[in-house]
Amino acid sequence: MKGNGENAQVELLMERLQGRDNADAYAALKELLALSEATDAVSAHFDTFARLLHAKSAFARTRGFLLIVANARWDAEERTAGIFDDLARLFNDPKPTTARQCVQAAPALAQAQPTLVPRIAEALEGVDPGRYPNSTTPLVAADVAAALEAVRALGSTAT
């Protein structure tokens, strides 16, 4: 019974996540991220999250990325690895805020999917902070440096 109620809750949150109201979609994202910590129920929507990576809206792209990262821990089928290039592309997203959020989430992705550590590190090394406005360049560079350090540390502990 709990499973059915949980699934219904996830379905409602998914509708809100894809709605036009960005504030409501963000609220749904936060709830879906919290659920993703405790259950694999949200991971059933992997294909939707993968589609969001290609959305026109930077907000939607970010939401898709963060939900894939949050659910990567449940991915026994290696679907995350299958769309890694789409994920890595967002490290250089045209919108600096999206790029920063995705870069900041890279260590969590590496922790959930240790086999991706070399690819994540390589993708982070390819980020060009200079493509962003001067006010944002140092922020992106600092995010990349911190994420790369964390990812490399995870890679050195993996056996």
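Predicted model: local features only at pLDDT ≥ 70, side-chain atom pairs only at ≥ 80, totals over all residues.
Visitor: Where is the place of T98?

Guide: T98 sits in helix α7. Helices (H or I, at least four residues) and strands (E, at least two) are DSSP runs, numbered from the N terminus.

Visitor: And is T98 buried or exposed?

Guide: T98 counts as buried, because its relative accessibility is 3%. Buried means under 20% relative accessible area, exposed means over 50%, and partly exposed lies in between, with a 1.4 Å probe and protein chains only.

Visitor: What about Q101, how much relative accessible area does it have?

Guide: The value for Q101 is 33%, so this residue is partly exposed. Q101 also lies in helix α7. Not counting residues up to four places away in sequence, Q101 touches T62 and L66. The C-alpha atoms of Q101 and L66 are separated by 8.3 Å, although the two residues are 35 residues apart along the chain.

Visitor: At what angle do α4 and α7 pack?

Guide: The angle between α4 and α7 is about 5 degrees, and their axes are 10 Å apart. That is why α4 is roughly parallel to α7. Axes are lines fitted to C-alpha atoms, for helices over the stretch in contact, and angles run from 0 to 180 degrees between N-to-C directions. Angles under 35 degrees count as roughly parallel, over 145 as roughly antiparallel, 65 to 115 as roughly perpendicular and the rest as oblique.

Visitor: Which residues make that contact of α4 with α7?

Guide: From α4 the contact uses A58, T62, F65, L66 and V69, and from α7 it uses T98, Q101, C102, A105, A108 and L109. These residues divide into 8 nonpolar, 3 polar and no charged. Here Ala, Val, Leu, Ile, Met, Phe, Trp, Tyr, Cys and Pro count as nonpolar, Asp, Glu, Lys and Arg as charged, and the others, Gly among them, as polar.

Visitor: On the α2 side, how far apart are the axes of α2 and α4?

Guide: The axes of α2 (residues 22-38) and α4 (residues 58-71) are 9 Å apart, at an angle of about 5 degrees. These two helices are therefore roughly parallel to each other. Helix α2 supplies N22, A25, Y26, L29, L32, L33 and S36, and α4 supplies F59, R63, L66, L67, A70 and N71. The contact of α2 with α4 divides into 9 nonpolar residues, 3 polar and 1 charged.

Visitor: Changing topic: how do α7 and α8 pack?

Guide: Helix α7 (residues 96-112) and helix α8 (residues 117-125) pack at about 165 degrees, with their axes 10 Å apart. Helix α7 is therefore roughly antiparallel to α8. V103, A106, L109 and A110 of α7 meet V117, I120 and L124 of α8. The contact of α7 with α8 has 7 nonpolar residues, no polar and no charged.

Visitor: Is V117 buried or exposed?

Guide: V117, in helix α8, counts as buried because its relative accessibility is 9%. Leaving aside neighbours within four places in sequence, V117 is in contact with A110, V151 and G155.

Visitor: V151 again. What does V151 touch?

Guide: Not counting residues up to four places away in sequence, V151 touches A106, P107, A110, V117, I120, A121 and L124.

Visitor: Which members of the largest nonpolar core touch the most other members?

Guide: In this core of 48 residues, they are L17, L32, F65, F91, I120, L124 and V151. Helix α7 gives the largest share, 7 residues. A nonpolar core is a set of buried Ala, Val, Leu, Ile, Met, Phe, Trp, Tyr and Cys residues joined through side-chain atoms within 4.5 Å. In soluble globular proteins, nonpolar side chains tend to be buried together.

Visitor: One on the backbone: what is the phi of E78?

Guide: E78 has a positive phi of about 60 degrees, although E78 is not a glycine. E78 lies in the loop between α4 and α5 (79-82).

Definitions and conventions. Residues numbered from 1 in each chain as written. Heavy atoms only, no water. Contact = heavy atoms within 4.5 Å.
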